Amino acid sequence: MAFFILRRIGVMALTALCLTFVVFFLTNLAPNLEKLAKTQGNARMSDAEVVSWLDRNGYGGPLVVRYGEWLGVVPGWLREDPITGEWRGRCLARGQDPAEAARFCGLLQGDLGYSTVSATEVSSIIGGRLQLTGILMFWAFAVMVPSALLVGVLAGMREGSRTDRTLSTFSIASTATPEYVSGVIFIVLLASSQIGISPLLVEWGWLEGGTLFFGSARSAMDGVTFWNFTLPVMTIALYGMGYIARMTRASMAEVMMAQYIRTARLKGVKFSNIVMKHALRNALIAPFTVIMLQFPWLLNGVVIVETLFNYKGFGWTLVQAASNNDIELLLACSIVAVFVVLVTQLMSDIGYVFLNPRIRIS
Amino acid sequence: MTTTTTAHLATHPAAEMYAREYKTGQLSRREFLVRSTALGLSAAAAYSLIGLSPAMAQRATPAKGGTLRIQMGILALKDPRTYDWSEMGNVSRGLVEYLIEYNRDGTFSGVLLEGWEANADATQYTLRLRPGVTWNNGDAFTAADVAANFAAWCDTTVEGNSMAARMGGLVDADTGQARAGGIVVVDDLTVQINLPAPDITLVPGMADYPAAIMHRDLIGTNPLDHGVGTGAYRFTDYQVGISARLERNPDHSYWGDAYLDEVVFVDLGTDPAAWFAGAEAGEFDMTYQTVGEFVDLFSAVGWDRSDVTTGATVVVRPNQLNAPYDNVEVRRAILEAVDLSVVLELGMNGQGTVGENHHVCPIHPEYAELPPMVVDKAAAQARLAAAGHADANFTLVSLDDGLTRFTCDAVAAQMRDAGMTVTREVLPGSTFWNDWLNYPFSATEWNHRELGVQILNLAYRSGVAWNETAFANAEFDSLLDQANGIQDANARREVMARLQRIMQEEAVTIVPYWRSLFRHYRPGVVNADMHPKFEINIHHLGLSA
């Protein structure tokens, strides 16, 4: 088991290395660097000036060397400005003496670099944003998983029944509606004082002006309430819920057809006992993997939902970093994404072993 | 805020001349107030010269305490004299204050100055500092601070220092620094500014948002880095693109009145639909500005509306350093193809008046009426073909927001109607703003300025920091110098007519409309009225008792 985990961590490190290199390669393509030079410096720069700007700001060397600097295995660049005589370097704070600065400052040293748009260290940005997204994901999971399992189990208990058809229709509809559609529909229906449900409620006197829910989750960054967080959470949860429910239903239906369930029924065991005591554990093995695999999908979802609802977490930061060509912030976001995906995969593999004794690791 | 009227001049020879002009109908009331208060008269004295009781908007006194949240973009702060967006001034105004403040009704009043006077030909200004003002680090605010700031404003070697253009003749063209003897410290509370030629724009220049007064030892720094200022507030949090938080500084005794305990600036992006969703969700109490169709929507949900007519606009300008815009015929063809009334209608719901492709607005005192420009799409295409650019592809860059995006879309559509090939490029906020001066063909929002010559000095004189059109014309520059020295509105108008005509003939830029500006706030917010220059002074703001 320990060997398995070690091997998976090794694979994870290798994958992270490859993926960040791909992102690094793409963000450092010549046109992207030229765009960066022109936005940070001056748009009228000639090609020669672009090259000299890139060189002066540490984007000049070979790609692999710069990737090494970012990783922290190659010493950070250091050069004296020919005009002002000031030392500039990757590891140098402004005005710092080069003799005092660290030689290496990359990912391995815990230095994520500098965000050009926000004019601050990436590490000081990304922690708070991840925390915000963590809160959003927690609530999305807290809503999504129990309700999806409930719907799936209810639907799978008696395949083909009226309950099954109704719940299946609902799950298919919810999983077929992407977040950017359901989010907008939610806002229109529940978070507008002009149309949808809120004006009706005000008219009936059940609501004192304003809207039922909030169409902007910015205030949730300061404190989560039922009213400001329901819509973003529901938008994410609904999409994943239909999918997990469908998987649970299929798994449940299969288990309910198994020989041992038939035997139990012939013995006269109560239907509720069959479901609770015999079927459920076996039926939940497949959904567990699916739930774990929902994490990467959820990262997709938060990008859309955070932008739509103005909730400034990880997804919003990723969009801003990409649209503003903020290379080091984007790389840090990729690292985090890779980490989340691979860790959840690992958890899913390990959890699977505990749930299903037939699977042996190593 | 306590405004001491006794420290102002009771009258001034030039102001009396303006009063005569006002009475004969040669000056508008706004223009009269702008010019006479710029000479050092108090608003009350100015009103009395023209026989009116001071009907100026007296600020209400709000209750003490409370928190106010304002929707506004949060950009990375920097050295104030290099500020290029009024949002930067607004967010730091609670900490670093200004000498003079421009009011909604067109008057100027002192903030860190108690009063100021100009001599008869406006070549010498005497600035009298407000006594008893201290920095929040305990130092006294003295004439040395003011002199150091003036010297810093005149430093043309600082990249992006737009104050140098506002200081005009005070800058020595040879050294690129303040003129010797230009800034004289008379005593601890008096500074004298000596100009080589009459300049009527010095006072408006001191009231503009890059003119924040920094501590004499901290010039050239970002106020966020040290938090030293004269204002009543201090930063507790600042996150670019997200929010900025200021609280009343308990360790500092502020010279005036400040009402709110806490002010939070909230950045909801550049999409006005997101602002509206935020308003409905109770995310903030006041907008920085409200644009387009959202003006009616905010009113419909019960927010109070405040509007002001201004010389603010969006210029859709080619940059003459980039081909094919270096060819005047190409620029003329573009101007000829665009019907400005359509741009007004589509770009901003008709909330303004039609422009004339020169940057002097009818509400400016020296505005001269010119014959209307002809729109002829067929002639435009013929002109373009004659210039040899019939198949040119014009890429029009704009910010991803409501106003400039729709305006550019309308301009692009008009150009396509005339048979031109136009590509639209829409950039996100931070990227666009990093480089607004240099795009070959793009749109820029310009704020209102008090006098017509001011914008010409800032943006169209050869080689100045904000010359985004790269327009360089010796005749234009010398006429502008001439106009800067003419105090009489009618005499100046003759020169202005020629300046305006040069802008049209050289097809410098499209100036499609003059905007009315709107702001909305929740009922109960006090002194939040829209300002012609988007200014928000958090010291004045408050909540009703």
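# Two chains of a predicted model

Me: Of the contacts in chain A with a separation of 6 or more, what percentage do residues 24 or more positions apart account for?
Reply: Residues are numbered from 1 along each chain as its sequence is written, while chains are lettered from A and ligands numbered from 1 in the order in which they are written. Because the model is predicted, local features need pLDDT of at least 70 and side-chain atom pairs count only at pLDDT 80 or more, whereas totals for chains, interfaces and linings use all residues. Two residues are in contact if their C-beta atoms, placed from the backbone, lie within 7 Å. For chain A, the share of such contacts that join residues 24 or more positions apart is 64%.

Me: How many helices and strands does the secondary structure of chain A come to?
Reply: Helices (H or I, at least four residues) and strands (E, at least two) are DSSP runs, numbered from the N terminus. Counted in this way, chain A comes to 14 helices and four strands.

Me: What is the radius of gyration of chain A?
Reply: The radius of gyration is taken over C-alpha atoms, and the globule rule is 2.2 Å times the number of residues to the power 0.38. For the 362 residues of chain A this rule gives 21 Å, and the chain lies well over that, so it is more spread out than a compact globule. Its radius of gyration is 26 Å.

Me: How many residues does the contact take from chain A, and how many from chain B?
Reply: On the side of chain A that touches chain B, α2 (30–40) and α13 (314–323) of chain A each supply at least two residues, and α2(A) gives the most, with three. The contact as a whole takes 27 residues from chain A and, from chain B, 23 residues.

Me: What percentage of the residues of chain B count as buried?
Reply: A residue is buried if 20 or more other C-beta atoms lie within 10 Å of its own, exposed if 12 or fewer, and partly exposed in between, with C-beta atoms placed from the backbone. Of the 545 residues of chain B, the share that counts as buried is 55%.
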